[in-house]
Amino acid sequence: MWNIENLIIEKCQILKKLNKNNYSEKNLREISVVLRFLFVDHLPNTIKYFGNKMIISTKTLSPKKNSKTSFFQSAWGNIDWSSVMNFQIFDWVLNKNEMNEIFEEWKKIISEWNKVKISKFLLQTSFISGNFDIKKQDIIKFIANKLWWVHFDTNRNQKRDWKYKELDTIMESIIVLDKNPIYVEIMSISQDICNSDFFNKL
């Protein structure tokens, strides 16, 4: 008979080990499967196991949607001796007031660690692409469900998988630090979780 608490501990130890390895695409796909187990498939059990200690320290925040925003990625983390942070693309030139407002918002993000419950963390924005707002939990599901196998699952349901179709487009059109932005995002999510106090006490 399997014990969910023992499985949660085991998966957390695997995640901790994977987070110390190189961030190859294979490694990041494995991370996504562990994250899906802990924070999608068995989230209620994981929350029950950690209780109120399950607070994530992060520098990522869901952005204020600007009508001129055509793309946003929330990734914040370290990879290959480099750092990546939130970035945003606009459809046209911003005026001075808009630039100052965004600068002040980002300055706050950069200067402070934000502590949020895991449920709120998973609902933070990972990407804004056009009119689509894609959450961290969507990224975990996408990589674990669609990019895990050697032959990626390219099947898309027109109604159900609209977020996946948008993520396909992001993968095909944007590069971050010579890497697929979807994998950079899962790296950021994993680092935020692994660097949080509750996780380090395992």
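**Figure 1. Overall secondary structure of the predicted chain.** Helices (H or I, at least four residues) and strands (E, at least two) are DSSP runs, numbered from the N terminus. On that basis the protein chain has nine helices and eight strands. This is a predicted model, in which local features need pLDDT of at least 70 and side-chain atom pairs count only at pLDDT 80 or more, while totals for chains, interfaces and linings use all residues. Residues are numbered from 1 along each chain as its sequence is written, and side-chain values use heavy atoms, without hydrogens and water.

Figure 2. Rings of Phe, Tyr and Trp (its six-membered ring) pair if their centres lie within 6.5 Å; planes under 30 degrees apart count as stacked, over 60 as edge-to-face and the rest as tilted. Ring pairs link Tyr-49, Phe-50, Phe-198 and Phe-199 into a cluster.

Figure 3. Buried means under 20% relative accessible area, exposed over 50%, and partly exposed in between (1.4 Å probe, protein chains only). Phe-50 is buried, with a relative accessible area of 5%, whereas Tyr-49 is partly exposed, at 29%. Phe-198 and Phe-199 are both buried.

**Figure 4. Lys-11 and the ring of Phe-37.** The charged end of Lys-11 sits over the Phe-37 ring, 5.1 Å from its centre. This assignment requires NZ of Lys or CZ of Arg to be within 6 Å of the ring centre and within 35 degrees of the ring normal.
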